[in-house]
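User: I've got a structure open and a few things to ask about it. Could you walk me through it?

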Amino acid sequence: MSAVDSAPDDVRAIEAAAAPTRFARGWHCLGLSEKYRDGKPHSVRAFGQKLVVFQAGDGTLSVLDAYCRHMGGDLSQGTVKGDEVACPFHDWRWGGDGRCKQIPYSKRVPLRARTASWPTLDQDGMLFVWNDPEGSPPPADVVIPRIEGATSDEWTDWLWYETTIDANCREVVDNVVDMAHFFYVHYSFPTFFKNVFEGHTATQHMRATGRPDARPQEQGDKPKTTGSNSLAAYHGPSFMIDDLTYHYDTGDQQSVLINCHYPVDANRFVLQYGIIVRRSPSMTGSAADELAAGMAQFIKLGFEQDIQIWQNKARIDNPLLCEEDGPVYQLRRWYEQFYVDVADVKPEMTDRFEFELDTTRPVEAWQKEVEANLARKAAAAPAEGRPV
Amino acid sequence: MRVDNRLTDGVPMRPLACDRCAAQVLVRKSSRQQTSVQWNSGATALCAELEGAEPAFEGCGSLRDTIREATLRGTIELADGGGGGETGGPGRQLM
Ligand code: FES
Ligand SMILES: [Fe+2]
């Protein structure tokens, strides 16, 4: 024990350094690309800056610093003219590559007329932007995997939500290892929980059983879930793909859930979540769309409760963990790789680490709690059993 | 970087070699069901099951068997004391 360690009887102090002012290196999703395809420049506050997103005449989406290098005009208030965004102040025309292409009232463009252009990726209906404080382009092996269902008629279209949260984005990432909060905050009932971190991915394997005390959308004659199987992985610091299969009494239902975010500044981030559902023989046409909408509502409810927690909780660098908690420290060690220069990424941040939780005790405790909830509802509900 | 309070106040990670490929990893078990495995690049290079595995791959089966054996033998103790062998052996200061 070193001198700074506290004795077992001392009051435990919460320790927290200020949130980093540096922003994670990696691909960040800015939402559905469709949103940016209306012929207008869009303003996005991200990475402590203001960006402009616009679609050139040829369909390409580009992201530039919003502030014009001429006299500081806000390009996101300008207009798209051909393949360029035109500044509202003096009409300088900026191309997606960051170069000034034309100044209509001048014979020629001056030297050094170049602004920051952010690498983009337009994939599976989503627009991504690459952030790197060191200014390097994305390495070829740092990719966002393709999502098969996103471009298939056998799946519904994206249902997408976004909301801004007053907290540092580490809070949302922490949740990938936080098994217990899935019961208390998301009304899920995990029975198997394992994390694997390796390279730039952080994976969560979770199997869950039904939660008959907490699924208002499953009342009446609607199909009831008997459990779920989820394989969720962060690909880089901010983009999670969750392959989620719900087992219903009527059969299995496949879905893909996206949970992603981008930082606005050190203490604010935009949280986004999207969902697609596979159409199946028993789940065709509007039934699949309805199911997707129902699931999205349920997920939204869970996130709203997350948000309530995040906006009121303390930042904590020294969480006190019990044996039934997940690997918070090792997750943060993995997450750190995105906040240091590439040359400073240590093997311990990227080496494979596995953590399988023992769910025996949590399952026992939660079964009792579910039973108690059901008994309370049964006692309180009117005879016809309307949702309460 | 900060260290998990469960490692400093409880049982640390212990070295263990896979019976099949001899990959050296660090292992900790808080109970029969709970398992932590820390790999390094040398170990992942040796493991035949990890090679070319899908990202969904949960872990090496041979290593899982090795860990189960080691737990029964008491080489890897359980932090909750539920079976397993001696505590405080070599490797106490790891991680
Ligand atoms: S400030 Fe943009 S054109 Fe003058
Ligand atoms: Fe959550």
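User: Which residues is Asn259(A) in contact with, leaving aside its neighbours within four places in sequence?

Analyst: Contact here means heavy atoms within 4.5 Å. This is a predicted model, where local features need pLDDT of at least 70, side-chain atom pairs count only at pLDDT 80 or more, and totals for chains, interfaces and linings use all residues. Residues are numbered from 1 along each chain as its sequence is written, chains are lettered from A and ligands numbered from 1 in the order written, and side-chain values use heavy atoms, without hydrogens and water. The partners of Asn259(A) are Val172(A), Tyr234(A), Ser238(A), Phe239(A), Met240(A), Leu271(A), Gln272(A) and Phe303(A).

User: Is Asn259(A) buried or exposed?

Analyst: Asn259(A) sits in strand β17 (residues 251-265) of chain A; strands are DSSP runs of E, at least two residues, numbered from the N terminus. Buried means under 20% relative accessible area, exposed over 50%, partly exposed in between (1.4 Å probe, protein chains only). With a relative accessible area of 10%, Asn259(A) is buried.

User: Now the metal: what spacing do the donors of the iron ion (ligand 2) follow along the chain?

Analyst: Donors are N, O and S atoms within 2.8 Å of the metal (3.2 Å for Na, K and Ca); water isn't among the atoms, so sites may look incomplete. For this iron, the protein donors come from Asn175(A), His181(A), His186(A) and Asp306(A), at 2.0 to 2.5 Å. Both His181(A) and His186(A) are buried. Along the chain, the donor spacing reads N-x5-H-x4-H-x119-D.

Note on methods. Helix = DSSP H or I, 4+ residues; strand = E, 2+ residues; numbered from the N terminus.
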